[in-house]
Amino acid sequence: MSPDPARPAAEVLADLRALRGADAPTRGGRTFAYVYDPALPGLDELAAAAYAEFATVNGLDMTVFPSVARLENDLVGAAAALLGAPGTQGTFTSGGTESILLAVKTARDHARVTRGVTDPQLLLPATAHAAFHKAAGYLGLETVVVPVDPVTFRADADALAAAITDRTVLTVASAPSYPHGVIDPVAEIAAASAERGVLCHVDACIGGWLLPYLRRAGRPVPAFDLTVPGVTSLSVDLHKYGYADKGASVVLYRDAELRRHQYFAHAGWPGYPVVNPTVQGTKSAGLLAQAWAVLQYVGEDGYTALAAGVADASDRLLAGLRDTEGVEVLGDPSAGLVSFTLPAGLSLLLHLADELRERGWYLQPQLSHGELPANLHLTLTPATVDRVDGLLADLREALKTARTLPPVSVDPGVLELAAALDPATLGPEEVAAVLAFAGLTGAGGLPTRMAPVLVLLDALPAPLQERLLAEFVGSIFRI
Ligand SMILES: Cc1ncc(COP(=O)(O)O)c(C=O)c1O
């Protein structure tokens with residue numbers, strides 16, 4: 001792509017539109033991961049217009065652009081009204097990962113100042129989102145991972161409590177967890193943490209804007225927010241069940257004194273004095289404005305009706321799945337997210353995902369983890385309500401076809417070879433050879449059938465999977 005010669009706007013936009021052709025649809029309820037479609041007329045147009053109004057405003061300096069403070073205070077205020085307690089303060093961020101990164105940094109710095117902890121540990125249930133591992137990696141914390149209950153898939157509060165040490169700076173509970181959509185025992189984990197003087201974060205990135213409205217719609221939802229004693233911070237993504245465009249989340253703290261540790265300030269250079277509440281410096285206020293606009297447009301009753309729609313989709317999907325021979329729903333999902341496995345085996349499960357994709361449905365494969373089985377994951381949104389019956393019908397057909405396909409398995413010789421590889425010292429040629437064997441070469445695009453690739457990945461140790469996947473993604477982003 002060359003910036004020269006200049007091209008007319010219409011032509012440029014047409015190119016962009018054409019690029020979308022190969023993408024999974026983000027509207028219409030057939031993509032059961034990554035996208036949140038409220039199916040609300042006018043919402044996308046409003047978000048785009050609101051973004052455009054503020055696209056050129058720099059969120060770096062709210063003293064020069066006071067509108068930024070007004071919008072952020074409104075948004076954080078709305079989140080605090082929904083999920084906070086008296087004293088709650090917070091920050092608008094770019095997404096769940098950034099909210100989590102900031103909560104972990106805050107806990108690390110708070111523990112250093114108040115408890116003298118210099119070699120911090122982050123205590124996680126196995127189902128906590130990968131973003132916590134990323135935060136620990138970026139910020140120099142050791143992760144301590146505790147298995148979850150293998151039947152309910154919920155965090156084991158007693159095991160977590162027993163794993164708290166003098167080095168623990170933060171414990172985590174999910175409401176709900178991404179892998180299985182179940183709510184951890186927040187009150188127990190928070191109480192055990194408070195007893196030891198340890199902070200406790202509730203990851204409500206995906207559930208925070210759904211669960212309170214499910215409750216308002218009459219569904220039973222346990223207490224999980226900052227009103228629970230011992231919960232000291234909470235993340236909630238507006239770009240999930242808040243239905244804002246991507247790049248919108250809020251991190252809340254019990255008070256401003258705790259939040260203080262999140263801020264970065266630097267006066268020791270000859271440039272302008274820097275105070276960054278978040279990771280980014282310069283940032284467009286467009287994302288803030290679109291999220292603000294979406295919240296106003298949907299409103300309390302709107303969110304309640306949307307949550308009722310999601311619960312309805314979930315009820316019908318769960319009933320249909322439980323009624324399908326050979327399918328096992330994992331745990332007792334709280335609405336929104338559903339995962340199921342096929343006890344008949346991984347090969348059949350992944351064939352099923354491929355067959356469904358050929359029929360125009362995207363379900364997200366999740367690989368096995370210790371005792372926890374591989375599964376297919378669905379994120380339900382209001383646009384999926386009218387799709388559930390069609391999905392279930394296609395799923396049963398796809399399952400029939402999948403049963404006729406030859407099972408994919410991994411050559412034991414490859415596994416033996418893989419076991420001898422050290423991901424840390426693998427050279428580029430060796431990595432390229434394994435990737436080619438797995439059918440993962442960025443150059444030719446992804447294979448249309450993912451089952452053979454995923455069966456192999458599932459059999460490899462996690463560090464080797466990580467090395468291969470990073471290399472694969474690097475091969476896609478090659479210019
Ligand atoms: C529970 C939970 N936490 C954190 C995240 C990470 O959020 P993001 O992808 O917005 O960075 C997700 C994303 O699905 C999530 O479901």
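A residue is taken to be near a molecule or strand if one of its heavy atoms lies within 4 Å of it. The model is predicted; local features need pLDDT of at least 70, side-chain atom pairs count only at pLDDT 80 or more, and totals for chains, interfaces and linings use all residues. Residues are numbered from 1 along each chain as its sequence is written, and side-chain values use heavy atoms, with hydrogens and water left out.

By this criterion the ligand is surrounded by 13 residues, of which Gly-96, Thr-97, Asp-203, His-239 and Lys-240 are the closest. Five residues of this shell are nonpolar, five are polar and three are charged; Ala, Val, Leu, Ile, Met, Phe, Trp, Tyr, Cys and Pro count as nonpolar, Asp, Glu, Lys and Arg as charged, and the others, Gly among them, as polar. Helix α4, residues 96-115, gives the most to the shell, with three residues. Helices (H or I, at least four residues) and strands (E, at least two) are DSSP runs numbered from the N terminus.

Polar contacts are pairs of N or O atoms within 3.5 Å; within protein, one atom must be able to donate a hydrogen and the other to accept it, and residues adjacent in sequence count only if both atoms are side-chain atoms. A backbone N or O atom of Gly-96 is placed 3.0 Å from an oxygen atom of the ligand. A side-chain N or O atom of Lys-240 lies 3.0 Å from a ligand oxygen atom, and for a polar side-chain atom of Asp-237 the distance to an oxygen atom of the ligand is 3.4 Å. Of the 390 Å² of accessible area that the ligand has on its own, the protein covers 84%. Accessible areas come from the Shrake-Rupley method with a 1.4 Å probe; for residues, only the protein chains shown count as cover.

Pockets and cavities were located on a 1 Å grid over the protein atoms alone: a cavity is a set of points where a 1.4 Å probe fits but cannot get out, a pocket is an open set with protein on both sides within 12 Å along at least five of seven lines, and lining residues have an atom within 4 Å of a point. Grid points are joined across faces, edges and corners, and a volume is the space filled by probe spheres set on the points.

The second largest pocket has a volume of about 660 Å³. It is lined by 37 residues, and Gly-59, Met-62, Glu-72, Pro-277 and Lys-283 are the closest to its centre. Two or more lining residues come from each of α3 (66-83), β1 (89-93), β9 (274-276) and α10 (286-322), with α3 giving the most, seven residues. The lining comprises 16 nonpolar, 16 polar and five charged residues.

Two cavities of 30 Å³ or more are found in the whole structure. The largest cavity holds about 40 Å³ of space, and its lining includes Arg-27, Arg-30, Asp-37 and Thr-381. By class, that lining has two nonpolar, six polar and three charged residues. The second largest cavity holds about 30 Å³; its lining has seven nonpolar, three polar and no charged residues. Pro-176 is among the residues lining the second largest cavity. A cis peptide bond, with omega of about -10°, joins Ala-175 and Pro-176, and Pro-176 is placed in the loop between β4 (168-174) and α7 (186-195).

Tyr-34, in the loop between α1 (9-19) and α2 (43-54), has a positive phi of about 75° although it is not a glycine. Most residues other than glycine have a negative phi, and most peptide bonds are trans.

An open sheet is formed by four strands in the order β10-β11-β13-β12, with antiparallel pairing. β10 (328-329) and β12 (364-366) are at the edges with a single partner strand each, so one side of each is left without a neighbour in the sheet. Two strands pair if DSSP finds at least two bridges between them; three bridges join β12 to β13 (residues 375-379). Pro-365 stands opposite Leu-376 in β13.
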